[in-house]
Amino acid sequence: MELNAPAPVDNDGRDVIERAGIESSRLAHTIAEANAVYEIPRTAEAINSNGYMRVALQFPDELLADSSLVSSELQLQAPNARFFTLADTSYGSCCVDEVAAEHYSADLVVHYGRTCLSLTTRIPVLYVFGHEPIDIDDCATRVLAAVGSGANILLLSDVAYMHGIEDIASALRKGGNGGKDGDVAGGSVVASRITSADCVYKPGGESTDIQAGRSWELPDGQAIGDYTILYIGQESLTLTNVLLTQRSQAVYSYDPHTRVLREEGAKANRHLGRRYYMVQQAKDADVVGIVVGTLAATRYLRVVEALKALLRQAQRKFYVFVVGKLNVAKLANFPEIDAFVLIACPENTLVDSREYFKPIVTPYELHLAITRSKEWTGDYITDFRDLLDELEDSPVLPDEEGEINDDTPHYSMITGKLKQQRRYADARQIAAESDSRSVVAAANKSTAIAQYLGSAGAEYLLNRSFRGLGHDEDGKGGSENEQSPPMLAVEGRSGIARGYDNEPHTFQ
């Protein structure tokens with residue numbers, strides 16, 4: 001069908017069905033490739049040795065084409081277990097979808113592809129990163145030509161290239177092509193590691209040596225500021241987190257697909273400038289929406305409670321939302337919210353909210369915005385677990401009674417004017433101190449006063465010209481405080497839009 005042709009009235013949906021979907025790349029075309037890329041023997045051994053019977057295989061959209069081959073081969077190597085594939089996750093594909101796995105009573109989740117490395121809270125998980133090809137010699141040669149042979153280098157990589165990180169470190173120590181050990185003088189090369197990739201992580205078990213994310217050990221007397229970071233992988237949220245959180249001498253990224261090495265300094269400055277602007281927007285917010293963007297990362301409930309206590313102490317109104325994957329339409333349903341704070345894994349917590357109607361900040365940014373005694377030193381935290389202790393221990397303002405008594409307006413860098421912060425009392429305190437007659441005050445045209453347990457949503461509703469059926473005070477019912485009597489429900493139209501039942505049928 002041509003694009004400029006008129007759309008048929010009786011479209012049966014064939015065009016939608018035949019429309020090409022999202023393309024999924026295949027990393028394995030044979031059983032041998034699947035065993036190597038997806039580490040099927042290691043996965044089957046972990047399943048058989050631990051006696052898992054119901055195993056969920058979680059694939060991201062880009063690797064879903066290989067799911068059938070991997071599942072069939074795992075069934076042959078682990079015949080006592082039953083396998084099912086998870087796709088279209090509840091939140092980001094980098095997080096383990098414990099919610100969907102629990103729906104099928106899974107006792108193990110095997111997570112494939114790129115991951116944020118967040119540890120689970122209820123179900124054991126085994127990470128399989130995959131093995132994407134990388135030219136070790138080309139990478140080492142380009143890096144040494146850019147940073148010099150005597151530089152301190154810290155190696156970080158996307159999970160798909162972790163299999164070659166030690167080989168890259170060895171090549172850098174040898175000085176590139178044809179070098180020997182000891183050729184590089186004065187420089188130190190440190191390779192990061194992922195402890196959660198070695199075995200099955202069991203929540204609440206004996207995996208005390210497993211920690212979330214990447215880790216490294218620097219020589220004594222050295223700090224991250226003494227090193228140049230080399231990131232192996234394509235541009236991704238992982239690279240963005242490295243740029244924001246690690247204050248190193250410089251950050252270089254090497255793309256194994258294009259074999260391009262580039263410095264990432266300017267990009268980090270743009271990211272930080274954009275995030276600082278959102279901190280200023282959150283500082284002006286009177287009503288904050290706490291959006292839960294993960295149900296898998298450990299200690300997320302403690303962060304929710306810590307943020308609620310922080311906002312309650314600052315006398316700001318807050319609401320808690322669980323909306324699944326974020327999009328503009330979902331959050332636009334709550335226009336009374338001035339700013340949202342997203343609790344998610346380190347890779348999904350940074351949302352570019354330029355398309356959204358209200359800003360979306362991280363827990364660290366909200367902490368900066370609310371706590372007046374805290375200033376931004378340039379350090380940045382994306383993992384809320386690193387911020388949890390500070391959130392629970394630090395008050396908004398030092399006060400003997402734990403309350404904010406300073407009503408001095410602050411200068412808004414967004415509007416360029418003085419901003420008087422609104423104070424919302426705790427709903428629980430109002431309910432305890434007020435009786436049933438004084439909790440709700442009548443609202444009418446003359447006063448427009450309402451007290452719905454400190455409800456920002458109710459105040460927003462009262463300021464709207466239309467507040468729903470049965471709430472228009474137009475005076476037709478008699479006195480000013482009376483409303484129009486309700487109407488009886490009547491049967492409406494039936495059928496479909498192209499021809500209702502009460503219309504003549506023009507199409508057969």
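**Salt bridges and their surroundings**

The salt bridges counted in this chain come to 10. The model is a predicted one, and the pairs below are taken in turn.

Consider E347 and R114, whose side chains meet in a salt bridge with an N to O distance of 2.3 Å. This pair links distant parts of the chain, for the two residues are 233 residues apart. E347 lies in the loop between strand 12 (339-343) and strand 13 (360-361), while R114 lies in the loop between strand 3 (108-112) and strand 4 (125-128). E347 is buried, because its relative accessible area is 4% and buried means under 20%. R114, at 27% relative accessibility, counts as partly exposed.

E39 and R42 form another salt bridge through their side chains, at 2.6 Å from N to O. E39 has a relative accessible area of 17% and is therefore buried, whereas R42 is partly exposed at 25%.

A further salt bridge joins K308 and E305, with 3.5 Å between the closest N and O atoms. Both residues belong to helix 10, where they are 3 residues apart, about one turn of the helix. An α-helix has 3.6 residues a turn, so residues three or four places apart point the same way. K308 is buried, with a relative accessible area of 19%; E305 is partly exposed at 47%.

Salt bridges also link E235, R262 and E264 in a network.

Leaving aside residues up to four places away in sequence, V303 touches I343, F384 and L388. The C-alpha atom of V303 is 8.7 Å from that of L387, although the two residues are 84 residues apart along the chain.

From here one may turn to the nonpolar interior. In soluble globular proteins, nonpolar side chains tend to be buried together. The largest nonpolar core in this chain has 40 residues, and those with the most contacts inside it are L155, I168, L172, L230 and I232. A second, separate core has 32 residues, including L244, V279, A282 and L366.

Helix 7 (residues 165-174) has as its buried residues I165, I168, A169, A171 and L172. They lie on the same side of helix 7, because they cover an arc of only 165 degrees around the axis. The buried residues of helix 7 pack against helix 6 (136-147), strand 5 (153-157), strand 6 (189-191) and strand 7 (228-232). Just after helix 7, G175 takes a positive phi of about 90 degrees. I232 has among its contacts I168, Y254 and P256, not counting residues up to four places away in sequence.

Y276 is placed in helix 9 (residues 265-283) and is partly exposed, with 35% relative accessibility.

Finally, the whole chain may be considered. It contains 16 helices and 17 strands, and 44% of its 508 residues are buried. Of the contacts with a separation of 6 or more, 66% are between residues 24 or more positions apart. The chain exposes about 27,200 Å², of which carbon and sulfur atoms supply 50%.

Definitions and conventions:
Residues numbered from 1 in each chain as written. Predicted model: local features only at pLDDT ≥ 70, side-chain atom pairs only at ≥ 80, totals over all residues. Heavy atoms only, no water. Helix = DSSP H or I, 4+ residues; strand = E, 2+ residues; numbered from the N terminus. Buried < 20%, exposed > 50% of the residue type's maximum accessible area, 1.4 Å probe, protein only. Core = buried A, V, L, I, M, F, W, Y, C linked by side-chain atoms within 4.5 Å. Contact = heavy atoms within 4.5 Å. Areas by Shrake-Rupley, 256 points an atom, 1.4 Å probe, with all protein chains shown as cover. Arc of directions from axis to C-beta. Salt bridge = Lys/Arg side-chain N within 4 Å of Asp/Glu carboxyl O.
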